[in-house]
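Q: How do I read aromatic contacts in a protein model? Please walk me through the rings.

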Amino acid sequence: MTLDPHSPSLLSTPTHLERLAQAAGAMTRAARETWLGAPVPTCPGWTVLDLVAHQGMVHRWATAAVRLDPEGMGNAASRETEGRTSADPIGWLEAGAADLIQALGQAPDDLDTLVFLKQAPRAKSFWARRQCHETTVHALDALGAVRGRPLTAADAWFDDDLALDGIDELLIGFWQRGKFAIRSAIPYAVLVRPDTSPVAWVVTISDGPVRSRRIDPQEQVAVDLTLSGTPVDLYLALWNRGGSPADPDGALDRFREGGAITW
């Protein structure tokens, strides 16, 4: 697999679909290892059933977007209820993931449908990438319910390339939307530089919208804080699912204080 630092998405659509299937499998296996009433430590107040119902709803909502079905996108609450009341909620989750993967595989490359992140790739690639990481993160939640402790890189089933792509989607796509309202009266810049990575990011926090950009990791930039570590540790930490990155400057605490790290 080769990362493309110059593409809107670091991985290809077929790779995202493959990793989406892996994440869906990891989530259902973890959900079956525990019980539906088990608490999910990384989603306070949620049980595994809440998690399964949410993820199955999101898969069906995304499938409706890919199939250009506005009615299907409009009944999220009823979809969650369907999952909660299913005789087999985990089987219901599996069926929704399989249908989503099929819909994405059959979608034309020039699919014209909703996208909602900054600097997003084209719609088919966007949805494959978004659902890959959506499912990976919630599979980590399910695994956290099994482990009953913060996760580490050793718990992850995915590789560095997937982790780097997910960091990119988070920093470039999500944090620049402004939804998290991370602000600072005194501007500061953070270098997010994973170990042995072909790409790094500079995130600038101010009293305006967050600004994030990719850079070559060898580029010399003036920053106030540096966050480093393995790609998987950084993925876990930035998505607030665990990890143990090298953070001597306290960048994660600054991000959390500003609201940029949420579940």
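The dialogue below takes up ring pairs, then charges over rings.

A: This is a predicted model, where local features need pLDDT of at least 70, side-chain atom pairs count only at pLDDT 80 or more, and totals for chains, interfaces and linings use all residues. Residues are numbered from 1 along each chain as its sequence is written, and side-chain values use heavy atoms, with hydrogens and water left out.

Q: What describes a pair of aromatic rings?

A: The distance of the centres and the angle of the planes. Rings of Phe, Tyr and Trp (its six-membered ring) pair if their centres lie within 6.5 Å; planes under 30 degrees apart are stacked, over 60 edge-to-face, the rest tilted. The count here is 10 aromatic pairs. Take F116 and W127: centres 5.8 Å apart, planes at 70°, so edge-to-face.

Q: Where do F116 and W127 lie?

A: F116 is in the loop between helix 5 (89-106) and helix 6 (123-147), and W127 is in helix 6, so the pair ties together parts 11 residues apart in sequence. Helices are DSSP runs (H or I, at least four residues), numbered from the N terminus.

Q: Is W127 buried or exposed?

A: Buried means under 20% relative accessible area, exposed over 50%, partly exposed in between (1.4 Å probe, protein chains only). W127 is buried at 0%. F116, at 25%, is partly exposed.

Q: Which residues form one aromatic cluster?

A: W157, F158, F174, Y235 and W239.

Q: What lies over the face of W92?

A: A charge sits over a ring if NZ of Lys or CZ of Arg is within 6 Å of the ring centre and within 35 degrees of the ring normal. R60 lies over W92, 3.8 Å from the ring centre.

Terms used. Helix = DSSP H or I, 4+ residues; strand = E, 2+ residues; numbered from the N terminus.
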